[in-house]
Amino acid sequence: MTIFMFTLISFIAVCLLLIGCVSTYNRFQDYIIRINESEANIDATLRKRFDLLNKSIGVIKSNCKIKGDVLGVIKKLRSSKLTNFELDRQLYDAINEFETYKEEHEELKTCNSFIKIDVALHESEAEIEAFRKYYNDIITDYNKLARSFPTNIIAKIFGYKFRTYYDGKNTEDTITNDFKL
């Protein structure tokens, strides 16, 4: 009877351990799917912003009679391969240049196509902010799972690494232990 009880308890313990491992693995998979979805949303919004700024080059040139380079950042980005983080920073610089043209050239404020681009850029800023927040919230939860015991064991087994926030900050601990006993 004791061998049977020991075998039964061992079997139950192994089953519970397997259920815990599978459950944790599935939680990681859920976070990874959500991270990928949010990256795709960010990517689509960044492409939309790029296209709007690209369209604005012709509008600015035709309405302001400018003969030089307009939104030079956008022309450089056409052939660049950048991460979403880098692209977002470059587009931010281009939007600042766009805003400078808007302030310096009164004729743009009456141009319907320029106004539509301006409104769409502001709408896309709200979208990208929402997507950034959602992405960073998911990353926070994912990193907590990857760092906490016992789920960190599953993370190490399957090679799940810490992820950075959308602003590029690293989530690794930088806390030093300065106190002494």
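**Rings, charges and helix packing in a predicted model**

Visitor: Where does the charged end of R163 sit, and how far from the ring centre?
Guide: In this predicted model, the charged end of R163 sits over an aromatic ring. A charge counts as over a ring only within 6 Å of the ring centre. The ring belongs to Y142, and the distance is 5.4 Å.

Visitor: Which residues form one aromatic cluster with Y142?
Guide: Y142 carries the ring under R163. The cluster also takes in other Tyr and Phe residues.

Visitor: Which residue lies over the face of F162, and at what distance from the ring centre?
Guide: The cut-off is again 6 Å from the ring centre. The residue is R147, at 4.4 Å.

Visitor: How many aromatic pairs does the structure hold?
Guide: Ring centres must lie within 6.5 Å to pair. On that basis the count is seven.

Visitor: Is the pair of Y135 and Y166 stacked or edge-to-face?
Guide: The ring centres are 6.1 Å apart, and the planes make an angle of 80°. Angles over 60 degrees count as edge-to-face. So the pair of Y135 and Y166 is edge-to-face.

Visitor: How many residues apart are Y135 and Y166?
Guide: Y135 belongs to helix 4, residues 112–147. Y166 lies in the segment after helix 5 (151–158). The pair links distant parts of the chain, with a separation of 31 residues.

Visitor: Is Y135 buried or exposed, and what about Y166?
Guide: Buried means under 20% relative accessible area. Y135 has 4%, and Y166 has 5%. Therefore Y135 is buried, and Y166 is also buried.

Visitor: Is the peptide bond from F149 to P150 cis or trans?
Guide: P150 is in the loop between helix 4 and helix 5. Omega for the bond from F149 is near 5°. The bond is cis.

Visitor: Which residues does T151 touch, leaving out those up to four places away in sequence?
Guide: T151 lies in helix 5. T151 is buried, at 10% relative accessible area. Its contacts are T24, R27, F28 and L145.

Visitor: Is helix 1 roughly parallel or roughly antiparallel to helix 3?
Guide: The axes of helix 1 (residues 2–64) and helix 3 (residues 84–104) come within 10 Å and cross at roughly 30°. Angles under 35 degrees count as roughly parallel. So helix 1 is, relative to helix 3, roughly parallel.

Visitor: Is the crossing of helix 1 and helix 3 left-handed or right-handed?
Guide: Residues in the contact include L46, F50 and L53 of helix 1. Helix 3 brings L87, L91 and F98, among others. The crossing is left-handed.

Notes:
Residues are numbered from 1 along each chain as its sequence is written. This is a predicted model: local features need pLDDT of at least 70, side-chain atom pairs count only at pLDDT 80 or more; totals for chains, interfaces and linings use all residues. Side-chain values use heavy atoms; hydrogens and water are left out. Rings of Phe, Tyr and Trp (its six-membered ring) pair if their centres lie within 6.5 Å; planes under 30 degrees apart count as stacked, over 60 as edge-to-face and the rest as tilted. Helices (H or I, at least four residues) and strands (E, at least two) are DSSP runs, numbered from the N terminus. Buried means under 20% relative accessible area, exposed over 50%, partly exposed in between (1.4 Å probe, protein chains only). A charge sits over a ring if NZ of Lys or CZ of Arg is within 6 Å of the ring centre and within 35 degrees of the ring normal. Axes are lines fitted to C-alpha atoms, for helices over the stretch in contact, and angles run from 0 to 180 degrees between N-to-C directions. Angles under 35 degrees count as roughly parallel, over 145 as roughly antiparallel, 65 to 115 as roughly perpendicular and the rest as oblique. A crossing is left-handed if the near helix is turned anticlockwise from the far one by less than a right angle, and right-handed if clockwise. Contact means heavy atoms within 4.5 Å.
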